[in-house]
Amino acid sequence: MPFRHILLALLVVVIWGFNFVVIKLSVEALPPILAAALRFAAAAFPALLFVRPPKAPFWIVVGFGLSFGFALYAFLNLSIAWGMSAGLASLVLQTQAFFTMAMAFALLGERPSRFQVIGAGIAFAGIAVIAGEQVAGIGPLPLVMTLLAALSWGLANVLTRRAGRVNAVAFTVWGALAAPLPLLGLSLLTEGWPAISAALAGFSWSDAGLIAFLAYPATLLGGGIWSWLLGRHKASIVAPFTLLVPITGLASGYLVLGETVTRVEILGAMLVIAGLIVTLRRARRSEPPIRLD
């Protein structure tokens, strides 16, 4: 994997780590499913008026939108609203890397190398160390919801890989279009029109700023770069980068929300980094560089 591609992946890691803080603030200000619906409505409109549909099968674009937009953020926003901390959510969600590897093997025939499996195992040990510190006091339901969000993200990664080398921005924008209506329907069903109308009536500039960050840097920029990388490298190589997201997520939660970070969590973060280094060293040796075009 070329060094400049690694830098792009690390940029996404930083954006998505801070993303959890913004999600936490958004679900405190708005009904959680409505917040997700507004996020993807803003990501799709007005961008789709200026971006042509991607040259990918319709079912893949819709499937990506439903898995990455609807399922992932319905589960994730609810889990955070029901007590999952931003730091812990950023941690548990990274099990998507293992779901991605498993589904890429089953559906795409992408067999991870021994070093990728070893690296993922080391990183998972780091995640387990951090989770052991944070999971006390969190009920099982928010944890299960976050795992379902991770499964949804893994499916989105595989669909993105299946789409191949398409225009990443177009793929992200038109995929986002599939999410707002199902999310709004779920919001009406679970949160009710009175809560939705009250939230919209009291919608403030700070609420708009939260939705704007979630829609543009976190969804369009981060998602576009991620789709671009998945179109050029195996899912088993790209997905492990998200194992670094808990580190930026924990740091953001500490700096912005005052969430605590312990020495044990720092040790776990070092294990995650070590696991990623093992995976990348093997990937850079075995995979020929791909020209940035």
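1. Patches, to start with, are built from residues with over 30% relative accessible area and no salt bridge, joining like charges within 9 Å and nonpolar side chains (Val, Leu, Ile, Met, Phe, Trp, Tyr) within 5 Å. Here Phe18, Leu25, Tyr254, Leu255 and Val256 make up a nonpolar one on the surface, together giving about 480 Å² of accessible area (Shrake-Rupley, 1.4 Å probe, with only the protein chains shown counting as cover for residues).

2. A word on provenance: this is a predicted model, where local features need pLDDT of at least 70 and side-chain atom pairs pLDDT 80 or more, while totals for chains, interfaces and linings use all residues. Numbering runs from 1 along each chain as its sequence is written, and side-chain values use heavy atoms, with hydrogens and water left out.

3. Back to the patch: α1 (3-29) and α13 (245-257) each supply at least two of its residues, and α13 has the largest share, three. Helices are DSSP runs (H or I, at least four residues), numbered from the N terminus.

4. There's one salt bridge in the structure (a Lys or Arg side-chain nitrogen within 4 Å of an Asp or Glu carboxyl oxygen). Arginine 161 and glutamate 110 form it, at 2.7 Å, N to O. Arginine 161 sits in α7 (140-163) and glutamate 110 in the loop between α5 (96-108) and α6 (114-134), so the pair ties together parts 51 residues apart in sequence.

5. Glutamate 110 is buried at 9% relative accessible area, whereas arginine 161 is partly exposed at 23% (buried is under 20%, exposed over 50%, partly exposed in between; 1.4 Å probe, protein chains only).

6. Serine 79, in α3 (58-81), is buried at 0%. Leaving aside residues up to four places away in sequence, serine 79 touches Met84, Pro142, Met145 and Thr146 (contact: heavy atoms within 4.5 Å).
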